[in-house]
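Here is a quick tour for someone meeting this structure without any background. Have a look at the sequence and the model first, then read on.

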There are 2 protein chains.
Amino acid sequence: MIRLRAVGLGGLLSICASVCGAEGLPAVGGQGAPVQKLTMPNSGVARVAFVVSDMFTLIDIAGPMQTFDQVQVPSGGFETFTVSETRTPIRTAGMTIVPQYTFQDAPDADIVVVGAQRGDDEQYLGYLRRMNARGKLLLSVCTGVSKLAKAGLLDGREATSHHDYIDQFQKRFPRVQFVRDRAYVRSAPMIFTAAGETSGIELALHIVELYYDHDVAVKTARYMEYRGPDWQR
Amino acid sequence: MIRLRAVGLGGLLSICASVCGAEGLPAVGGQGAPVQKLTMPNSGVARVAFVVSDMFTLIDIAGPMQTFDQVQVPSGGFETFTVSETRTPIRTAGMTIVPQYTFQDAPDADIVVVGAQRGDDEQYLGYLRRMNARGKLLLSVCTGVSKLAKAGLLDGREATSHHDYIDQFQKRFPRVQFVRDRAYVRSAPMIFTAAGETSGIELALHIVELYYDHDVAVKTARYMEYRGPDWQR
């Protein structure tokens, strides 16, 4: 069976609005911890760095990038760009892309997204560790979770990945608790890991929900004509 | 409401397998005409040209490209590439891409995909007309349908587009009959038009279904963890 979110967050959010106030919302999937909203920078625009490297899976980047770029709000929103070790063009599927920035000269980001791709040297992992240490939001899609795990950012945490890779990652990263059948997991307050490929769209919509609200996420999904069942109401 | 396919084709295909033989399958949405399967080239690999130009909507290209690239078959499948007027890099959302070929030097394609983007001069439209005249399969996603309409390839045909653009396109192209609430329409035997953005994934999965069968399309959707409800069975 295809992975689905265990609980429709929209219903919980709307029930909670009158019960919980602004302090915290019920957990997705009944984990017991309150759902922490995310806060936009004072500028009203969150900058999103998409890390790209050889063999990157296109949809892992394109799905969340499109979602953030088209967030249905009257002003502000997200500003997206790509970052890599160098500006050397990268081929993925039938597309060649040129990274806009390197790890050295990229604008400061509020959110960093890593998808399935090669690259896990110290320059790459160091960027993720620095951004984490500075309280930035880290998102992985598909096997991109292996970068966060190798950087040591998921030790003692739950995480997820593409369904075909859960078992091998569990062996390779025994300090991480990999879980199945979830589109995404909040692995730490500022780290989310998504399952395979188009699960990145699910995660991006959830992030929109946490920065704004469920209605904005639903409007964004509708604009994109995205048919994931959690975003139809 | 988000657009959904009027009829689940999978059920029809499987019911029909024992009723109709290989001659034809019932129409999607009860149009009365038999569903014509598509035939792979003798090589077993269908080449897919994705036209890209300024301001192209990333997901219109990335969704179908990822779907075709990952078709779940043991051998053969699809080979994808980008084509444009020149090889000048193109910026879209947070990504800069370099077209792999121009209309002059692109490998011969079996399938051409056009998404939302600028560009409708004679070089661009001429490519579409030539490919159509040679019996190639043309697919539009989102407002990409305007290229096919402007090229005169949809006169007297049904077509669809992003839900926000149906009305203005109906005025601009009165010879085309625009329809709402469908993820895609078979506008002609070798022309399909999809609705907005991620509807391109729906159309690509349907094309996989027509070249192979429903099971291959479902396996491909599952591999991508795509949650559109028509591909869960």
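Is Phe178(A) buried or exposed? With a relative accessible area of 9%, Phe178(A) is buried, since anything under 20% counts that way. Keep in mind as you go that this is a predicted model.

**Rings in chain A**

Let's stay with the aromatic rings for a moment. Over all chains, the count of aromatic pairs comes to 18. Take Phe78(A) and Tyr212(A): their planes stand at 80°, so this pair is edge-to-face, as angles over 60 degrees are. The two partners come from distant parts of the chain, 134 residues apart. Phe78(A) belongs to strand S2 (residues 77-84) of chain A, while Tyr212(A) lies in the loop between helix H6 (199-211) and helix H7 (214-223) of chain A. Phe178(A) has a ring partner too, namely Phe169(A), and with 40° between their planes the pair is tilted.

Here are the two pairs side by side:

| Ring pair | Centre distance | Angle between planes | Kind |
|---|---|---|---|
| Phe78(A) and Tyr212(A) | 6.3 Å | 80° | edge-to-face |
| Phe169(A) and Phe178(A) | 6.0 Å | 40° | tilted |

**A lysine over a tyrosine**

In chain A, the charged end of Lys147(A) sits over the ring of Tyr124(A), 5.6 Å from the ring centre. In chain B, Lys147(B) has its charged end over the ring of Tyr124(B), at 5.6 Å from the centre.

You'll find Gly119(B) in the loop between strand S6 (111-114) and helix H3 (122-133) of chain B. With a relative accessible area of 28%, Gly119(B) is partly exposed.

**Two helices in chain B**

Now for helix H6 (residues 199-211) and helix H7 (residues 214-223) of chain B. Their axes come within 7 Å and cross at roughly 145°, and the crossing is right-handed. Which residues meet there? From H6(B) come Leu205(B), Val208(B) and Glu209(B), and from H7(B) come His214(B), Val216(B), Ala217(B), Thr220(B) and Ala221(B). Sorted by class, this contact has five nonpolar, two polar and one charged residues.

Technical notes
Residues numbered from 1 in each chain as written. Chains lettered and ligands numbered in written order. Predicted model: local features only at pLDDT ≥ 70, side-chain atom pairs only at ≥ 80, totals over all residues. Heavy atoms only, no water. Phe/Tyr/Trp six-rings, centres within 6.5 Å; stacked < 30°, edge-to-face > 60°. Helix = DSSP H or I, 4+ residues; strand = E, 2+ residues; numbered from the N terminus. Buried < 20%, exposed > 50% of the residue type's maximum accessible area, 1.4 Å probe, protein only. Lys NZ or Arg CZ within 6 Å of the ring centre and 35° of its normal. Axes fitted to C-alpha atoms, helices over the stretch in contact; angles between N-to-C directions. Left-handed = near helix turned anticlockwise from the far one by under 90°. Contact = heavy atoms within 4.5 Å. Nonpolar A, V, L, I, M, F, W, Y, C, P; charged D, E, K, R; others polar.
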